[in-house]
Amino acid sequence: MTNANQPPSESAIDFPELLSRVDNDRELLLDLMSIFKEDFPRHQRELSDVIAARDLKKMAIVSHTLKGMLANLAATRAASAAGKLEQLGRDGATESEIAIAIRAFQHEVQSLLPEMETYLSEVQR
């Protein structure tokens, strides 16, 4: 794998950990990543919608879902950023706190998605 030998701090996905979680079953990994690729954009749009509507309760719920999805794929930094949004939603954070957290989340996702595409193409070989 292209990025599997990089330290986790440089990689959005801890690919060795992810492979370990699926007992090196690349077909299962492909299925999990495909499901994520299909579902993630919908949840990401929902997060944007609830933030725009200033619905902090729903922001916490959607962020929790995203955190779980990301954690399951060993995308630790992105999961942590989603967790921060979840906590801010529960705490009744200010608009500026949410803006900072959403930018951090989006930054993590921007590095995650291309890396995932690379992994998907490599796993399909």
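This section describes the aromatic pairs, salt bridges and selected helical residues of a predicted model. Residues are numbered from 1 along each chain as its sequence is written, and side-chain values use heavy atoms, with hydrogens and water left out. Because the model is predicted, local features need pLDDT of at least 70 and side-chain atom pairs count only at pLDDT 80 or more, whereas totals for chains, interfaces and linings use all residues.

Aromatic pairing was assigned to rings of Phe, Tyr and Trp (its six-membered ring) whose centres lie within 6.5 Å, with planes under 30 degrees apart counted as stacked, over 60 as edge-to-face and the rest as tilted. By this rule the count comes to two aromatic pairs. Phe15 and Tyr119 are stacked, because their ring centres are 4.1 Å apart and their planes stand at 25 degrees. Phe15 belongs to helix H1 (residues 15-21) and Tyr119 to helix H5 (residues 95-123), so this pair ties together parts that are 104 residues apart in sequence. Helices here are DSSP runs (H or I, at least four residues), numbered from the N terminus. Solvent accessibility was classified by relative accessible area: buried means under 20%, exposed over 50%, and partly exposed in between (1.4 Å probe, protein chains only). On this scale Phe15 is buried, at 0% relative accessibility, and Tyr119 is likewise buried, with a relative accessible area of 0%.

The other aromatic pair joins Phe36 and Phe40, which are stacked with 4.7 Å between centres and 25 degrees between planes. Both residues lie in helix H2 (residues 26-52), four residues apart, about one turn of the helix. An α-helix has 3.6 residues a turn, so residues three or four places apart point the same way. Phe36 is buried at 3% relative accessible area, and Phe40 is buried at 1%.

Side chains of opposite charge can pair when their charged atoms come close. With a salt bridge defined as a side-chain nitrogen of Lys or Arg within 4 Å of a carboxyl oxygen of Asp or Glu, the structure holds seven salt bridges. One of them is formed by Glu117 and Lys37, with an N to O distance of 3.0 Å. Glu117 lies in helix H5 and Lys37 in helix H2, so the bridge ties together parts that are 80 residues apart in sequence. Both partners are partly exposed, Glu117 with a relative accessible area of 37% and Lys37 with one of 43%. Within helix H2, Arg42 and Asp39 are three residues apart, about one helical turn, and form a salt bridge in which the closest N and O atoms are 3.9 Å apart. Arg42 is partly exposed at 43% relative accessibility, as is Asp39 at 23%.

A further salt bridge connects Glu86 and Lys67 at 2.7 Å, N to O. Glu86 is located in helix H4 (residues 76-91) and Lys67 in helix H3 (residues 56-72), so the pair ties together parts that are 19 residues apart in sequence. Glu86 is buried, at 3% relative accessibility, whereas Lys67 is partly exposed, at 27%. Lys67 and Glu86 are also linked with Arg90 in a network of salt bridges.

Helix H3 has 17 residues and reaches 24 Å from its first C-alpha to its last. This is close to the expected 24 Å at 1.5 Å a residue, the expected span being 1.5 Å times one less than the number of residues. Buried positions in H3 are Met59, Ala60, Val62, Ser63, Leu66, Met69 and Leu70. Among them, Ser63 has a relative accessibility of 0%, and its side chain reaches the backbone oxygen of Met59 at 2.7 Å. With contact taken as heavy atoms within 4.5 Å, and neighbours within four places in sequence left aside, Ser63 is in contact with Leu47, Ala82, Leu85 and Glu86. Just after H3, Ala74 takes a positive phi of about 60 degrees.

Leu32 is placed in helix H2 and is partly exposed, with a relative accessible area of 33%. Leaving aside neighbours within four places in sequence, Leu32 is in contact with Val22 and Leu73. Leu32 and Asn72 are separated by 40 residues in sequence and by 9.1 Å in space, C-alpha to C-alpha.

Conventions: Helix = DSSP H or I, 4+ residues; strand = E, 2+ residues; numbered from the N terminus. Polar contact = N/O pair within 3.5 Å; in protein donor to acceptor, adjacent residues only side chain to side chain.
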